[in-house]
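Hello,

Here is the structure I promised to pass on. Please have a look at it first, and then read my notes below.

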Amino acid sequence: QVQLVESGGGLVQAGGSLRLSCAASGLTFSNNGMGWFRQAPGKEREFVAAISWSGRSTYYADSVKDRFTISRDNAKNTVYLQMNSLKPEDTAVYYCAADANKRPSYNDYLKKLNAYDYWGQGTQVTVSS
């Protein structure tokens, strides 16, 4: 049974930082592309960042580029999202997701919601102004 468990969310002032973690179990983590998405109230879930199974390729939404960094530790079955210079518009529930298939290349594939087979329950991030 695959489980993705997010942690690290919370309340932070604008300009502050948070680091989200997503611990995976029940899959061969080193074979999985991983992604972070977010959903604000009344809005659709949107892509934030993704990382290839090897960690060599990363992808970001334009809105978070140069502020957020995605990374992974395959020895710990964990993917991270370091969020700096947070803005009120970053307020959302953040979800971790896993692509079940090991792929030779991704291009923009990992930016798509339907690229992912498994999802976590989400962690709330609130940025106050």
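A quick definition to begin with: two strands pair if DSSP finds at least two bridges between them. Strands themselves are DSSP runs of E with at least two residues, helices are runs of H or I with at least four residues, and both are numbered from the N terminus. With that in hand, the bridge partner of Ala23 in β8 is Thr78.

Before going further, please keep in mind that this is a predicted model, in which local features need pLDDT of at least 70 and side-chain atom pairs count only at pLDDT 80 or more, while totals for chains, interfaces and linings use all residues. Residues are numbered from 1 along each chain as its sequence is written, and side-chain values use heavy atoms, with hydrogens and water left out.

Now the strands. The chain has 11 strands and zero helices. Strand β3 (residues 18-25) pairs with strand β8 (residues 78-83) in the antiparallel sense, over six bridges. Both belong to an open, antiparallel sheet of four strands in the order β1-β3-β8-β7. Its edge strands, β1 (3-7) and β7 (68-73), each pair on one side only.

On to the chain as a whole. Its radius of gyration, taken over C-alpha atoms, is 14 Å, which agrees with the value near 14 Å for a compact globule of 129 residues (the globule rule is 2.2 Å times the number of residues to the power 0.38). The C-alpha trace spans about 40 × 30 × 25 Å along its principal axes. Of the 129 residues, 42% count as buried, meaning under 20% relative accessible area with a 1.4 Å probe and protein chains only; exposed is over 50%, and partly exposed lies in between.

The structure holds four aromatic pairs (rings of Phe, Tyr and Trp, the last by its six-membered ring, with centres within 6.5 Å; planes under 30 degrees apart are stacked, over 60 edge-to-face, and the rest tilted). One of them is Phe37 with Phe47, edge-to-face at 5.7 Å centre to centre and 70° between the planes. Phe37 lies in strand β4 (residues 34-39) and Phe47 in strand β5 (residues 46-51), so this pair ties together parts 10 residues apart in sequence. Phe37 counts as buried at 1% relative accessibility, and Phe47 is buried too, with a relative accessible area of 11%. Ring pairs link Phe37, Phe47, Tyr116 and Trp119 into a cluster.

Best wishes
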